[in-house]
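Welcome! Open your viewer, and let us walk through this model together, one selection at a time.

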Amino acid sequence: MSQNGLNEVIALLEGSVSYSDGKIRVEDEARARKLVHKWAETSALGEGDAQAWARYLTRLLALELGCPPASIQDLYMARGRGEVPPNFTVPAMNLRSLTFEAASAVFRAAHKIEAGAFIFEIARSEIGYTGQRPAEYATSVLAAAIAEGHRGPVFIQGDHFQVSASRYKDDADAELEAVRTLTEDAIQAGFYNIDIDTSTLVDLEQSGEAAQQKNNSELSAMFTTFIRSMEPEGVTVSVGGEIGEVGGRNSTEPELRAYVEVYQEALAARGNDIAGLSKISIQTGTSHGGVVLADGSVADVKVDFETLKHLSRVAREEYGTAGAVQHGASTLPESAFGKFPEAEACEVHLATNFQNMLYDRLPDALRDEIYAYLDTERGSGRKDGETDEQFYYNNRKYALGPFKAKIWGMDAAAKQKVADAWQAQFAQLFDLLAIAGTATYVAQTVDAAKVQPDKSFYFGEEAAGEEDVSDLSD
């Protein structure tokens, strides 16, 4: 925690801020907003004390400028009570690369339509292959909020904090502890929204939905209790559950009821008045990342919107949650997105198409270098009959971590080209998902606690980011 590291990071903002005794002072707000991207870059690519100071100070600056990390819990509970209409769908966006630029584009698009209900997220799998631990991801998002003049809560979410079925079978305690460690790191970093995913442990060989969902429900209750024990004062983390593995068969009402009722019983057994789920993820026909055809195009996927609407109503009207969540939707045709609000889906998760847009706009030399890397590093796992288009499409996400510095280092014009495309896409999605004007609902329901970050977290030893994520969902 050296003074030299602090001085180096403070100097990056050219006198626009000062720091003393755990408090940051803004000397020139406009200049700080203009230069804060340098802290995001130091967080992503730096090391040692400078990196830690960049992350810690960004968190402090976000609090000072009115854009703190927050939980969407109260908005979702208000929706469950019928106090907020179910006629919009919150986009939850997985930003895998150039996270500062992508998040900045989100804020710009949202501000134009006075949207407030949108979520930034990253899955356990993505944390692994993009090399973005929670502290780095949150720093990029909060720095973007600062740069774009955002005022109000910033919702950052741990997506698919998933238990690996194979590792759970080999050593259940170790696998559960790995997810607990990740969850603790995420909450410390400002992830006040966590999606538990123990749906990998649903056992369809059992007789009856309650027995099939038992492990899923009970472990969801266990993780909920753990999350509640980690919450900062004034924060109720929004916790989501999942009843069916995305890409499998469609979810059913008996499955949803069995999951929730066994979960509620297991949660009650752990203590009185423990806050439960805010939403439930279901399967209605999509697959993570889409299915790429031999020519490189993505196969059409149909979503069962009737099932989505029915289960969302059951989840909302009978169990008091915000409703049902749709995963794996970013590669759907544009015509599908307007149907999510009609189906009363409370949230939709979007990821792969943003990555596709990045790769389509990378400088040719950099893309060629990445593909050569994939040939060497992942070529041994190439499937029989897989075309080049399919191989690169299915594997290029694994290059985002190793090539993070080179992607960050693209010239300004190349980065702007990607950012402009993303902003146009976000604007289109936000319109179709009907989140215009939702800043009013957020202001009415969400009172974001100004949680002071724990400095020791940022200067402690960061948990290892590399793990086998090949069997985890995005």
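How many helices and strands does the protein have? Colour by secondary structure and you will find 22 helices and 11 strands, where helices (H or I, at least four residues) and strands (E, at least two) are DSSP runs numbered from the N terminus. The radius of gyration, taken over C-alpha atoms, is 21 Å, close to the 23 Å that the globule rule gives for 474 residues, so the protein is as compact as a globular protein of that length. That rule is 2.2 Å times the number of residues to the power 0.38.

Before going further, note that this is a predicted model, in which local features need pLDDT of at least 70, side-chain atom pairs count only at pLDDT 80 or more, and totals for chains, interfaces and linings use all residues. Residues are numbered from 1 along each chain as its sequence is written, and side-chain values use heavy atoms, leaving out hydrogens and water.

Now select residues 154–162, which form strand S6. Nine of its nine residues are buried, meaning under 20% relative accessible area with a 1.4 Å probe, protein chains only.

- S3 (residues 69–70) runs parallel to S6, joined by two bridges. Look for Ala 70 opposite Phe 155.
- S5 (residues 119–123) is also parallel to S6, over five bridges. Here Ile 122 faces Gly 158.
- S7 (residues 193–197) pairs with S6 in the parallel sense over four bridges. Show Phe 161 and its bridge partner, Ile 196.

Technical notes: Buried < 20%, exposed > 50% of the residue type's maximum accessible area, 1.4 Å probe, protein only. Pairing = 2+ DSSP bridges.
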